[in-house]
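Here are my notes from a first pass through this one. Have the structure open while you read, and tell me if anything looks off to you.

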Amino acid sequence: MIPTTRVDLLPTELPEDVTVLDVREPEEWAAGHIEGALHIPLGLLPERVHEVPEGRVLVVCKVGGRSAQAAMWLGQQGHETINLDGGMLEWQAAGRPMVSETDVEPTVI
């Protein structure tokens, strides 16, 4: 069982001890992501797992599928993970703040 939460259950300000891990592809990340998130595409996670800090990790992707895979795998590696159901699409729909790496308004692609 993968621990899961929804955007509407998260506090407006995420606790400082929670790392947000975004496992989407680089072009998705560039278009819009949660400020302060750690970006490691799902396919690179096994070789970059050492970059994931200890403590609670909120794992996100576009809708929740890739992040569920990452959360399950990270849990097997000893991390305390929770998957964001609905992913960045729900984050954006809830009006939560995002930043982008482009000159346009942040969005989820």
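1. Before anything else, keep in mind that this is a predicted model.

2. Start with strand β2, residues 18-22. Five of its five residues are buried, so the strand is largely enclosed by the rest of the structure. V18, V20 and D22 point one way, T19 and L21 point the other way, and all are buried. Take a look at D22 while you're there, as it is on the V18 and V20 side.

3. What does β2 pair with? One partner is β4 (residues 56-60), which runs parallel to β2 and is joined to it by five bridges; within β4, V57 is the bridge partner of T19. Another is β3 (residues 38-39), also parallel, with two bridges to β2. There, L38 stands opposite L21.

4. Next, helix α3, residues 65-76. With twelve residues at 1.5 Å each, the helix should span 16 Å, and its end C-alpha atoms are 17 Å apart, which agrees. Its buried residues are S67, A68, A70, A71 and L74. Viewed down the helix axis, they fall within an arc of 165°, so they line one face of α3.

5. What does that buried set pack against? The answer is β2, α2 (45-48), β4 and β5 (80-84). After α3 comes G78, with a positive phi near 100°.

6. Last, the aromatics. Searching the whole structure turns up zero aromatic pairs. W91 does have a charge over its ring, though: R96 lies over the face, 5.2 Å from the ring centre.

How values were computed:
Residues numbered from 1 in each chain as written. Predicted model: local features only at pLDDT ≥ 70, side-chain atom pairs only at ≥ 80, totals over all residues. Heavy atoms only, no water. Buried < 20%, exposed > 50% of the residue type's maximum accessible area, 1.4 Å probe, protein only. Helix = DSSP H or I, 4+ residues; strand = E, 2+ residues; numbered from the N terminus. Pairing = 2+ DSSP bridges. Phe/Tyr/Trp six-rings, centres within 6.5 Å; stacked < 30°, edge-to-face > 60°. Lys NZ or Arg CZ within 6 Å of the ring centre and 35° of its normal. Expected span 1.5 Å × (residues − 1). Arc of directions from axis to C-beta. Contact = heavy atoms within 4.5 Å.
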